[in-house]
Amino acid sequence: MLLTTDRLLLRPWKETDAQSLFQYAKDPDVGPVAGWPPHKSVTESLDVIRKVFSGPECYAICQKGDPEAIGAAELMLNGHTSLAGGSDECELGYWLGKPFWGRGYMPEAASELIRHGFEDLKMATIWCGYYEGNIRSKRVQEKLGFVHHHTRNNVPVPLMGEIRTEHISCMTRKQWLEKCISY
């Protein structure tokens, strides 16, 4: 499936995206704040595409007219997330290459994925979280209209070998519809 916005195309990941994934995922300012270490090689990035970015609702974010993957956005369905409690709930996850920060791309991509989740996938609730200190992710969630639900302390972050504080937010279909009507 392809999803589009005014400036972006969200498409499934391809193995040929390994080089562009590595280009952005090797940056130490990108992954660690989200809970994963910088990629060390194109081979590692290819492995991530095959094993992590293979979910049915995982998308490469591309600028329209340019096939290069510059980030990722995913609706992690029940069974692939610890936040969603039922088949009508999912978790939104995302990241964006540093050269594209500050352009409003992530709220734009995530808004389309949220629309897809509520309209096409018939979700009742979409969850989203961020680790303490990830101000950019917190701000994206605020712009999207997520509401803080709870905070979890002492959360293991296995890929980083750390314990962190995680802030969990959610959005219901009703909240999303009310937000849409207010525009």
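Student: What should I know before starting?

Tutor: Residues are numbered from 1 along each chain as its sequence is written, and side-chain values use heavy atoms, with hydrogens and water left out. The model is predicted: local features need pLDDT of at least 70, side-chain atom pairs count only at pLDDT 80 or more, and totals for chains, interfaces and linings use all residues.

Student: How many aromatic pairs are there in the whole structure?

Tutor: A pair of aromatic rings is described by the distance of the centres and the angle of the planes. Rings of Phe, Tyr and Trp (its six-membered ring) pair if their centres lie within 6.5 Å; planes under 30 degrees apart count as stacked, over 60 as edge-to-face and the rest as tilted. Here the search finds five pairs. Phe100 and Tyr105 are stacked, 6.5 Å centre to centre with 25° between the planes. With Tyr24, Phe100 and Tyr105 form one aromatic cluster.

Student: In what order do the strands of the sheet lie?

Tutor: Strands of a sheet pair through backbone hydrogen bonds, either parallel or antiparallel. Two strands pair if DSSP finds at least two bridges between them. Strands (E, at least two residues) and helices (H or I, at least four) are DSSP runs, numbered from the N terminus. Eight strands form an open, mixed sheet, ordered 1-2-3-4-5-6-8-7. Strand 1 (3–4) and strand 7 (147–157) are the edges. Strands 7 and 8 run antiparallel, joined by eight bridges.

Student: Why is helix 1 largely enclosed?

Tutor: Buried means under 20% relative accessible area, exposed over 50%, partly exposed in between (1.4 Å probe, protein chains only). Six of the eight residues of helix 1 (residues 18–25) are buried, so the rest of the structure largely encloses this helix. Tyr24 is one of the buried six.
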